[in-house]
Amino acid sequence: MRRIRSVGFAMLLAGGWTLVAPGRALGQEQKEPKRQRDVIARWEIEASPKRSDYIFDVIRSLRPHFLETPRGVRHGIDGAGPGGRAPMTSGGSTLTEAAVFVDGNRMGGIDVLKGIQAEQVEEVRYFDPSKAEAEFGLTLGAGGAIVVKLYKGKPPEKPTSLE
C-alpha cells in the first residue's frame with residue numbers, strides 16, 4: 001500500500017511538472033523564435049550557411065522575395081525608360097527594385113547589399129511598395145524598401161594565422 005502511494009505521489013509530481021514546463025517535461029527542445037516573412041533576424045543570419053558571405057547572399061537564400069520585383073509592377077522594355085532601361089531614382093536604384101536603407105540612410109539599390117558583410121548585420125526588414133510609400137514617401141518607386149540595421153555589438157573575432 002505504501003508503495004502504491006509513493007508511485008501515485010510520484011505521478012502527481014510528474015503531472016504537475018508538465019503543467020509548469022510542458023515542453024521540457026515531454027522531452028521537447030526549446031524551439032527557435034518564429035520566422036517572420038518580412039524580417040531576417042540576427043539569429044537567422046548566424047544560422048545561415050551564407051553567414052560569412054555578403055548580406056545579399058543571405059537574403060537570396062532565406063527571403064528571395066525581398067529581391068524580386070513585386071507582382072503587378074511592370075519592368076523590362078514595357079516599363080523602361082529610354083534605351084530599354086528602367087528609369088533611375090535619385091538613390092541610384094531603378095523604379096522597379098527595392099531601395100536600400102542602412103541604419104536609416106538611403107544608400108541606393110540592391111547592389112548595395114553586395115558590399116555589406118552578413119556578420120555586420122543585426123536585422124534586415126522588407127517593406128512592400130505600399131508600406132514603403134507610407135514609411136518613406138513617394139520617391140521610392142515600385143520596388144519597396146529593404147532596411148538594414150547594422151550590428152552594434154562586439155565584432156566577431158577573426159582567427160589569427162599560425163605562421
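Residues 76–93 are a stretch where pLDDT stays under 50, pLDDT being the predictor's confidence in each residue, from 0 to 100. Even so, the model has 31 contacts for residues 76–93 beyond four places in sequence, a contact being heavy atoms within 4.5 Å. This is a predicted model, so local features need pLDDT of at least 70 and side-chain atom pairs count only at pLDDT 80 or more, while totals for chains, interfaces and linings use all residues. Residues are numbered from 1 along each chain as its sequence is written, and side-chain values use heavy atoms, with hydrogens and water left out.

**Confidence**
- Across the protein chain the mean pLDDT is 76, and 58% of the residues reach 70 or more.
- Residues 17–28 have pLDDT below 50, and this stretch has five contacts in the model beyond near neighbours in sequence.

- You'll find R63 in the loop between α4 (55–62) and β2 (99–102); helices (H or I, at least four residues) and strands (E, at least two) are DSSP runs, numbered from the N terminus.
- R63 counts as buried because its relative accessibility is 7%; buried means under 20% relative accessible area, exposed over 50%, and partly exposed in between (1.4 Å probe, protein chains only).
- If you skip the neighbours within four places in sequence, R63 touches R35, Q36, R37, V39, I40, E44 and V58.

**Salt bridges around E44**
- The count comes to seven salt bridges, each one a side-chain nitrogen of Lys or Arg within 4 Å of a carboxyl oxygen of Asp or Glu.
- One of them joins the side chains of R63 and E44, at 2.9 Å from N to O.
- That pair links distant parts of the chain, 19 residues apart: R63 sits in the loop between α4 and β2, and E44 in helix α3 (residues 42–47).
- E44 also has a salt bridge with R35, with the closest N and O atoms 3.2 Å apart.
- E44 is buried because its relative accessibility is 4%, whereas R35 is partly exposed at 44%.

- R60 pairs with D57 in a salt bridge whose closest N and O atoms are 3.1 Å apart.
- Both R60 and D57 lie in helix α4, three residues apart, which is about one turn of the helix.
- R60 is partly exposed because its relative accessibility is 48%, but D57 is buried, with a relative accessible area of 17%.
- Back at R35, E44 and R63, salt bridges that share partners join these residues into one network.
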